[in-house]
Amino acid sequence: MTPHDTRSSQAECDSPTQLELFVSASSVDIDPPSFLRADLVGNLNSPEPLPEDKRLTGERHAQALLMWIHRFGWLSSRMVAALIFPTASQSWPLARRLLKKLLGDKLILVRALPQGGDVYLLSVKGARLLNEAMGAKATSGQGQTITSPLHRACGNWHLISQVQAGLHIFTEHEIASGRAPFRTLNGKQFDGLVIHDGGLITAIEIENSWKNRSRRQAVCDIATHHLGRDTMTRLGVDASGNELHLARMTIVATSMDALRSMAATFQESYRNRTASESCLASVDVCVLPVSPSLVPGESVAGNLWWTVMQPLSVY
């Protein structure tokens, strides 16, 4: 053995092992074998978890998808991916595989959009299955007219983000179908509702194109009459009988131009002293671009008063 080998061997003998280092750094009362048995081996009496039945998982995904289509009216494959497989790394391929199976089982229908892309609706068979399984009172989307798909897609995507955040929602389709706690407020039908703790509601207004002055003013009037006041407007009750009150509004626009025209109407109302600061602070804004094939871009969110008007000293 060379001197070098001797020194190396001696150093290895003098160096504490990883177990010795752990024991020296731990309480002297800890018995290492017991510690290993408790933390590494675990409780040997605990039953080993059984893998979930893939068939049952597939049935659960199919039922959830039918229910979401029933609630939204129609969905794109990317929307299905976001709702059914939100955390999966291959969510879109999984969604397309599920949609293909349900199409093969004739539970859903597919409809091509003029701008490109497909959307999926309930079939008669799918609605019947959903009704038998969950009593949903669903109907087929066979005769459903798809108007303003960009407008609806923008609303769908915003509401899906709220679902992913763990909040309860009512979709535009549910509101129009009379399945929400209320249908209109002062003649205005919202494009979605988000339900927060305590029965507080955020009303959703979608802007995907320029609106004329009277239509913009109608949205502004709802806000000035019902937001930022000492007493919130009662809108109805939920399924459990709890009261629901209008607390906020969110304006979601597909472009900055669409949002700019709406903000100008609120700005004018503020200058005319018909919209208060507390009212404007109760209105959130969001720009959510959506492509012609209904694919969402990156969203940018803020508050009408604190983000848009107050920094610009709009008085």
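Predicted model: local features only at pLDDT ≥ 70, side-chain atom pairs only at ≥ 80, totals over all residues.
Local features are taken at pLDDT of at least 70 and side-chain atom pairs at pLDDT 80 or more, while totals for chains, interfaces and linings use all residues. Residues are numbered from 1 along each chain as its sequence is written, and side-chain values use heavy atoms, with hydrogens and water left out.

Helix 8 covers residues 149–164; helices here are DSSP runs of H or I with at least four residues, strands are runs of E with at least two, and both are numbered from the N terminus. From first C-alpha to last, the 16 residues of helix 8 reach 22 Å, close to the 22 Å expected at 1.5 Å a residue (1.5 Å times one less than the number of residues). Of these 16 residues, 12 are buried (under 20% relative accessible area, 1.4 Å probe, protein chains only), including Trp157, His158, Leu159 and Ile160. After the helix comes Gly166, with a positive phi near 90°.

Gln144 counts as buried because its relative accessible area is 18%. Beyond neighbours within four places in sequence, its contacts (heavy atoms within 4.5 Å) are Gly73, Trp74, Arg111, Leu121 and His173.

Strand 8 (residues 283–287) is mostly covered too, with four of its five residues buried. Strand 8 runs parallel to strand 7 (residues 243–253), joined by five bridges (pairing takes at least two DSSP bridges), and Val285 is the bridge partner of Ile251. With strand 9 (residues 300–303) the arrangement is antiparallel, through four bridges; here Cys286 partners Ala301.

Conventions
Buried < 20%, exposed > 50% of the residue type's maximum accessible area, 1.4 Å probe, protein only.
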